[in-house]
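Please look over this model with me. My notes concern how its parts pack together.

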Amino acid sequence: MGDSFHLSTADLAALAFFLIVWVLHTLASDGRLVSRVSLTTAMNAQRATWMRTMAEREIRIVDTAIMTGLQQGTAFFASSSLIALGGCFALLGASDQVLTVLSDLPLSATSSREAFQMKVFGLVLILAFAFFKFGWAYRLFNYCSILIGAVPIPYGEASRNPVTETAVWRATRMNMLAGKHFNSGLRAVFFSIGYLGWFIDPVIFVLSTLLLLAVLVRRQFFSAAREAVLGQPPGKGRSMRPDSQ
């Protein structure tokens, strides 16, 4: 089977490992694999808190400013994904030159031109996936802005009536969906970095995937950012030390 794709058995095994790691990390980040609360799950709770707080404000300039920032960040990554896609097609046109450079690396395995092109096509698929995720997230953030505008202005108990609660639920759900697709696109960009190890050697591919997984797991489950979202303020006599992790 590997010969039909111009890939060795080691290449296919490394690719399967890469995909399994990607899927497992996605499930863990979404809270469907481990009981420990991830940074993504914790931030979803904050999104819900934000929408409830927004419903009690008469002036929502701050909310629209936040949505604008989220959209701009999503648009930036979508544009970056397109630029990276263009770079992949440039790689296809310079396959022989790139193979010459790779062959000079001390740990590089011998790879045919066809195998190299198959690997580039795999990178194209990853970046295309990221672009579509970012594009859809941008549109969902736009929809969320509209749903925020549809939340009734509060007057007294008006912010707690069923109509307002339904509007808040819709905006919250749309916000979470937009964040989910944005995170999926960003995760694809991160894993494309680990994927680059495959151009050197299948073993390097596995090692780069493991290194990337370690970084992502730390950020999701053991980082200072997670502690900032879930933690409590320091007690009396303790200082707040902003450790950057």
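1. **Basis.** This is a predicted model, in which local features need pLDDT of at least 70, side-chain atom pairs count only at pLDDT 80 or more, and totals for chains, interfaces and linings use all residues. Residues are numbered from 1 along each chain as its sequence is written, and side-chain values use heavy atoms, with hydrogens and water left out.

2. **Overall fold.** The protein chain has 8 helices and 0 strands. Helices (H or I, at least four residues) and strands (E, at least two) are DSSP runs, numbered from the N terminus. Of the 245 residues, 37% are buried. Buried means under 20% relative accessible area, exposed over 50%, and partly exposed in between, with a 1.4 Å probe and protein chains only. Among contacts with a separation of 6 or more, 77% join residues 24 or more positions apart. Contact means heavy atoms within 4.5 Å.

3. **Helix α1 against α6.** Two packed helices are described by the angle between their axes and the distance between the axes. For α1 (residues 9–29) and α6 (residues 162–195), the axes come within 12 Å and cross at roughly 150°. The pair is therefore roughly antiparallel. Axes are lines fitted to C-alpha atoms, for helices over the stretch in contact, and angles run from 0 to 180 degrees between N-to-C directions. Angles under 35 degrees count as roughly parallel, over 145 as roughly antiparallel, 65 to 115 as roughly perpendicular and the rest as oblique. The crossing of α1 and α6 is right-handed. A crossing is left-handed if the near helix is turned anticlockwise from the far one by less than a right angle, and right-handed if clockwise.

4. **Who makes that contact.** From α1 come Leu15, Phe18, Val21, Trp22, His25, Thr26 and Ser29; from α6 come Arg187, Ala188, Phe191 and Tyr195. The residues of this α1 and α6 contact divide into 7 nonpolar, 3 polar and 1 charged. Here Ala, Val, Leu, Ile, Met, Phe, Trp, Tyr, Cys and Pro count as nonpolar, Asp, Glu, Lys and Arg as charged, and the others, Gly among them, as polar.

5. Is Arg187 buried or exposed? Arg187 lies in α6 and is buried, with a relative accessible area of 7%. Beyond four places in sequence, Arg187 is in contact with Trp22, His25, Thr26 and Ser29. His25 lies in α1 and counts as buried at 6% relative accessibility.

6. **Helix α6 against α7.** The axes of α6 and α7 (residues 202–221) come within 8 Å and cross at roughly 150°. These two helices are therefore roughly antiparallel. Phe190, Phe191, Gly194 and Tyr195 of α6 meet Phe205, Ser208, Thr209, Leu212, Leu216 and Arg219 of α7. The α6 and α7 contact residues are 6 nonpolar, 3 polar and 1 charged.

7. **Phe205.** Phe205 lies in α7 and is buried, at 0% relative accessible area. Leaving out residues up to four places away, Phe205 touches Ala14, Leu15, Phe18, Gly194, Tyr195, Gly197 and Trp198. Phe205 and Asp11 are 194 residues apart in sequence and 8.8 Å apart in space, C-alpha to C-alpha.

8. **Helix α3 against α6.** These helices pack at about 30°, with their axes 11 Å apart. That makes α3 roughly parallel to α6. The crossing of α3 and α6 is left-handed. Met67, Gly73, Thr74, Phe77 and Ser81 of α3 meet Asn175, Phe182, Leu186 and Val189 of α6. The α3 and α6 contact has 5 nonpolar, 4 polar and no charged residues. Buried residues of α3 include Asp63, Met67, Gln71 and Thr74.

9. **Val151.** Where is Val151 found? Val151 is in the loop between α5 (113–150) and α6. Val151 is buried, with a relative accessible area of 3%. Among the residues that Val151 touches are Met54, Ala55, Arg60 and Thr164.
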